[in-house]
Amino acid sequence: MPGKKKSASPKSNSSALTPITGTSLAPILESPRALAKLPGDGGSVAREHGVTLVTDRPYATSDMTIPAAEIYFVDGAKPRGTGPWLGEADKVAWRDPASGYECIMLRDRKEAYLSGYVGVPEGHPLWGWDQDAVAPDLGIEVHGGLTYSRICDEDGPSPQRGLVMESRRICHVPVTPKMWEPLRHGSEYRVESGGHVWWFGFGCNHLYDQVPIPDGRPRSFLAAETAAVYRDDAYVVREVTNLAAQLRAIADGKPVPPREGPPLPAIGLDPRKGG
């Protein structure tokens, strides 16, 4: 009726964080599988320009649950139709309890594969190192080998950068309420640690990986020869925790612990790695 005020849509572009109560996540995520990834209760939610941010809520994979500080779901980031990626988040940021290091799982926006990152603080023996300079005898073993090494993206938070930008950034910086007003009740893990970190990462886009390009066109690879499979969030989170444990051991001057999970694909299967 004319003059009647319409109720706010859960798909609005407001980025103000609101507490999660009852089933308030259900109409926003619109996916039972995604909802199942967020066990327990509590936390806050915000939505802006097709990006949903859930803060301070556990994130569950098929074999472990992590104490996530930030969980992003991005409209259109994954292929349509069925696939093991259904329900997965598109970015998860957390602090690994065992090592104390910052961790990120992130989905590529063009090809929809997952990557993993671990940030080491200043004073770590590998701070500032290029990934190709990390000698094999140090004991780093991660899917496809290290493919990323860089300080936090850009210069830190600003009121002009919203959820769309944050959902893509590989960064950990100190945040105060005044610096990040739209997310004024945001993740405490950023407030506590302070300072930039140096990130090491890996990607699941090798010849032995199935890359689920969002438009549905298969990427050319030697699937039969390399047994290419999609590396899901359980696989990537486990690889991130393995990498965090290895980097922690290097910092402590201890032997690198044995990695957990199935054997890694041989890097030599991918000619881009020079094997």
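**Exercise 1.** How many residues of strand β3 (residues 51–55) are buried?

*Solution.* Start with the terms. Strands are DSSP runs (E, at least two residues), numbered from the N terminus. Buried means under 20% relative accessible area with a 1.4 Å probe, protein chains only. By that cut-off, five of the five residues of β3 are buried, and the strand is mostly covered.

The model is predicted: local features need pLDDT of at least 70, side-chain atom pairs count only at pLDDT 80 or more, and totals for chains, interfaces and linings use all residues. Residues are numbered from 1 along each chain as its sequence is written, and side-chain values use heavy atoms, leaving out hydrogens and water.

**Exercise 2.** Which strands pair with β3, and in what sense?

*Solution.* Pairing requires at least two DSSP bridges between two strands. Take β2 (residues 44–48): five bridges join it to β3, and the two run antiparallel. E48 has V51 of β3 as its bridge partner. Next, take β6 (residues 68–74): it also pairs with β3 in the antiparallel sense, over five bridges. Here L53 is partnered by Y72 of β6.

**Exercise 3.** Which residue in the hairpin of β2 and β3 takes a positive phi?

*Solution.* Look at the link. Two residues sit between the strands. H49 takes the positive phi, near 50°.

Note on methods:
Buried < 20%, exposed > 50% of the residue type's maximum accessible area, 1.4 Å probe, protein only. Helix = DSSP H or I, 4+ residues; strand = E, 2+ residues; numbered from the N terminus.
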